[in-house]
Amino acid sequence: MLTNTARAFWIDRPGKGAIREESLPEPAAGEVRVRTLYSAVSRGTESLVFQGKVPQSQWQAMRAPFQGGFFPAPLKYGYINVGLVEEGALPAGTPVFCLYPHQDRYVVPVESVTPLPASLPPERAVLAANMETAINGLWDSAPLVGDRIAVIGAGVVGCLVAFLANCLPGAKVELIDIDPAKAAIAEALGLPFALTRDASRDADIVIHASGNPMGLQAALTLAAYEATILEMSWYGSTLVPLPLGEEFHSKRLILKSSQVGGVSPARRARRGYGDRMALALSLLADDRLDALITGESPFEELPELMPTLVSNPAGTLCHRIRY
């Protein structure tokens, strides 16, 4: 028998979270009730949110689609949720992805969920939000056939960007990181790997996704003359120093931002959010991408897990939460 309550993870104050029980409404016309199978922690953004490092100027811009509460806390935050429809405007048992926080059951408008392709296991679908970010990054950077593409930062987003870019005919893609252990992930994805100090120079496009200001500094040195550097990292309240008196001006470099909250201007006239998410899910139908999921924990352990993921990630890429 279905109950009218749900359990959700809330940030009570920066650095401290708990699972709370809350009421669950009956689905109205045009809505679905979903039972969560998996969520996942988006380590970059969620780490900053959990620590209370979202600048006040960005509180509105950084709201998640179904966020509860307000920055900095109390706050229910997250946007990676895979579940099964229990009842409503889709057939019961339909597996779906939704940009919903960590919660075991929820009710949303039917247009807020995307059914999973038959070829995509729900366990891997937790990568959908990161794949969507990677797609937007490639639309923003607009690589061409035969381009030399450097991707700095072998986290989930960086790996997915490099994985997609490597499908471009003639492209020479290099995944770059300061951690030699990331070479194993690159190998699993079929990608060339280099430590930052050994990376190739003269890239036509440099995509930075490490989340570390030092990585963006390295991007300036790896870029070729009149190349584009795409910044995909978000730093929250951290200031980012850049040596713009060195190669930035002499190489006539272009520094460009990419953010998943808006569809890239390169495709905005012809693609909506639903189109981009459907594409992201279809591109996840590759078993090699399972290498990006490096751990799994039960939902009940999330309050104790979050501080550990923030302070001592120890090689964690995507950490899946099981319900």
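Reader: What is the relative accessible area of Asp 202?
Author: Asp 202 has a relative accessible area of 42%, so it counts as partly exposed. The cut-offs are under 20% for buried and over 50% for exposed, with partly exposed in between, using a 1.4 Å probe and protein chains only.

Reader: What kind of model is this?
Author: This is a predicted model, in which local features need pLDDT of at least 70 and side-chain atom pairs count only at pLDDT 80 or more, while totals for chains, interfaces and linings use all residues. Residues are numbered from 1 along each chain as its sequence is written, and side-chain values use heavy atoms, with hydrogens and water left out.

Reader: Back to Asp 202. Where is it found?
Author: Asp 202 is in the loop between strand S12 (193-195) and strand S13 (203-208). Its phi is near 65 degrees, a positive value in a residue other than glycine.

Reader: And what is phi at Glu 226?
Author: Glu 226 also has a positive phi, near 60 degrees, and is not a glycine. Glu 226 is part of strand S14 (residues 223-231). With a relative accessible area of 41%, Glu 226 is partly exposed.

Reader: How many helices and strands are in the chain?
Author: The chain has eight helices and 17 strands. Both are DSSP runs numbered from the N terminus: helices are H or I with at least four residues, strands are E with at least two.

Reader: What radius of gyration does the chain have?
Author: The chain has 20 Å, which agrees with the value near 20 Å that a compact globule of 323 residues would have. The radius is taken over C-alpha atoms, and the globule rule is 2.2 Å times the number of residues to the power 0.38. Along the principal axes, the C-alpha atoms fill a box of roughly 65 × 40 × 35 Å.

Reader: How much of the chain counts as buried?
Author: Of the 323 residues, 50% count as buried. The accessible surface is about 14,300 Å², and carbon and sulfur atoms hold 54% of that. Areas come from the Shrake-Rupley method with a 1.4 Å probe; for residues, only the protein chains shown count as cover.

Reader: New topic: helix H2. How many of its residues are buried?
Author: In H2, 14 of the 14 residues are buried, so the helix is largely enclosed by the rest of the structure.

Reader: What follows H2?
Author: Ala 142 follows H2, with a positive phi near 50 degrees.

Reader: Asn 130 sits in H2. What does it contact?
Author: Leaving aside neighbours within four places in sequence, Asn 130 is in contact with Ser 42, Ile 80, Val 156, Val 157 and Leu 160. Contact means heavy atoms within 4.5 Å. Asn 130 is buried, at 9% relative accessible area.

Reader: What about H1: how many of its residues are buried?
Author: Helix H1 (residues 43-50) is mostly covered, with six of its eight residues buried. They are Thr 45, Glu 46, Ser 47, Leu 48, Val 49 and Phe 50. These buried residues pack against several elements, including strand S1 (5-13), strand S3 (31-41) and helix H8 (302-311). Just after H1, Gly 52 has a positive phi of about 75 degrees.

Reader: Which residues does Ala 64 touch?
Author: Ala 64 touches Tyr 77 and Gly 78, not counting residues up to four places away in sequence. Ala 64 lies in the loop between H1 and strand S4 (68-69). At 7% relative accessibility, Ala 64 is buried.

Reader: Where is Ala 171?
Author: Ala 171 is in the loop between helix H3 (156-165) and strand S11 (172-177). Ala 171 is buried, with a relative accessible area of 16%. Its contacts, apart from neighbours within four places in sequence, are Gly 146, Asp 147, Ile 149 and Ala 165.

Reader: Last topic. What kind of peptide bond joins Phe 71 and Pro 72?
Author: That bond is cis, with omega about 0 degrees. The bond from Ala 73 to Pro 74 is cis, with omega near -5 degrees. Pro 72 is in the loop between S4 and S5, and Pro 74 is in the loop between S4 and S5.
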